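This report sets out the architecture of one protein and the arrangement of some of its aromatic residues. The sequence and structure are shown first.

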Amino acid sequence: MNDQDLLRYSRQIMLPQIGIDGQQTLLDSTMLLIGMGGLGSPSALYLAAAGVGHLIIADFDKVEISNLQRQIIHHTDDIGKYKVDSAKNKMLAINPDIKITTVKDLNDENLSSWVEKSNVVLDGTDNFDTRFKVNQACIEQKIPLVSAAVIRFEGQLSVFKGYEDAQPCYQCLYSKEGSNDETCSENGILAPVAGVMGSLQALQAVKVVLNLGEQLIGKLIIIDAMDLTFRSIKIGKDDACPVCNKE
């Protein structure tokens with residue numbers, strides 16, 4: 001780190017749990033963010049500001065006016081642009097010293113290779129099919145998965161290391177047979193709820209990389225914004241899970 005880096009990240013470096021070594025770990029790390037929507041927007045901004053050295057952002061979609069209510073990384077003049085291009089511009093405006101890679105064509109063929117390049121994956125997608133595929137790729141490559149979901153006034157957050165013997169994966173929590181997609185376009189969402197969950201998702205990703213505090217491995221946090229309650233549910237490994245328990 002040079003003098004400008006020390007100044008930029010000084011408020012994190014002064015934390016004894018992080019220090020110069022922790023900040024250097026962040027600068028040396030790579031995170032894959034899948035989805036530049038309501039969750040990915042705040043996650044991307046905070047991780048860029050915090051000094052994650054390489055951020056890979058993946059999304060095939062373009063900015064629409066209905067996105068702007070909650071996807072705070074995109075502005076009105078970004079309508080019609082690819083979300084990853086819009087997001088990259090804002091992230092570099094905050095921190096021009098980090099590397100940002102954009103991926104518009106994340107698919108079944110290349111997903112695993114992008115996961116392999118990462119120290120942690122943040123899933124901010126809104127459909128079970130993609131979440132299951134991301135989960136499987138993270139298990140195959142032995143990469144921690146920080147998964148968040150948000151709808152209406154509710155949010156969920158957990159960290160999965162299903163490649164470890166005693167830890168569950170995403171599919172231990174949600175089976176393919178019993179999962180029904182609920183999207184914001186069909187059910188609505190209060191804008192700040194997405195901001196809260198995306199920020200918490202970024203926080204957990206940093207904690208995983210730096211091995212700090214409670215990392216929510218094997219736990220699911222459920223947030224109800226209406227009465228502002230937080231519930232923690234323990235998640236066990238499913239002995240019949242076809243993804244992380246194939247024996």
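## Tyr163 and its surroundings

Tyr163 is placed in the loop that links strand E6 (154–160) to helix H8 (170–173). The model is a predicted one. Apart from neighbours within four places in sequence, the residues in contact with Tyr163 are Cys138, Ile139, Lys142, Ile143 and Pro144.

## Overall architecture

The protein contains ten helices and eight strands. Its radius of gyration is 17 Å, close to the 18 Å given by the globule rule for 247 residues, so the protein is as compact as a globular protein of that length. Taken along the principal axes, the box filled by the C-alpha atoms is roughly 55 × 45 × 40 Å.

Of the 247 residues, 51% are buried. When contacts between residues at least 6 apart in sequence are considered, 65% of them join residues at least 24 apart.

## Aromatic pairs

How many aromatic pairs does a search of the whole structure find? The search returns six. In one of them, the ring centres of Phe128 and Phe132 are 5.9 Å apart and the planes meet at 25°; because planes under 30 degrees apart count as stacked, this pair is stacked. Phe128 and Phe132 are four residues apart in helix H7 (residues 128–141), and therefore about one helical turn separates them. Both of these phenylalanines, Phe128 and Phe132, are buried.

A further pair is formed by Tyr170 and Tyr174, with ring centres 5.3 Å apart and planes at 40°, so this pair is tilted. Tyr170 has a relative accessible area of 4%, and it is buried because that value is under the 20% cut-off.

## The aromatic cluster

Which residues form one aromatic cluster? The members are Phe128, Phe132, Phe160, Tyr170 and Tyr174.

Terms used:
Residues numbered from 1 in each chain as written. Predicted model: local features only at pLDDT ≥ 70, side-chain atom pairs only at ≥ 80, totals over all residues. Heavy atoms only, no water. Helix = DSSP H or I, 4+ residues; strand = E, 2+ residues; numbered from the N terminus. Rg over C-alpha atoms; globule rule 2.2 N^0.38 Å. Buried < 20%, exposed > 50% of the residue type's maximum accessible area, 1.4 Å probe, protein only. Contact = heavy atoms within 4.5 Å. Phe/Tyr/Trp six-rings, centres within 6.5 Å; stacked < 30°, edge-to-face > 60°.
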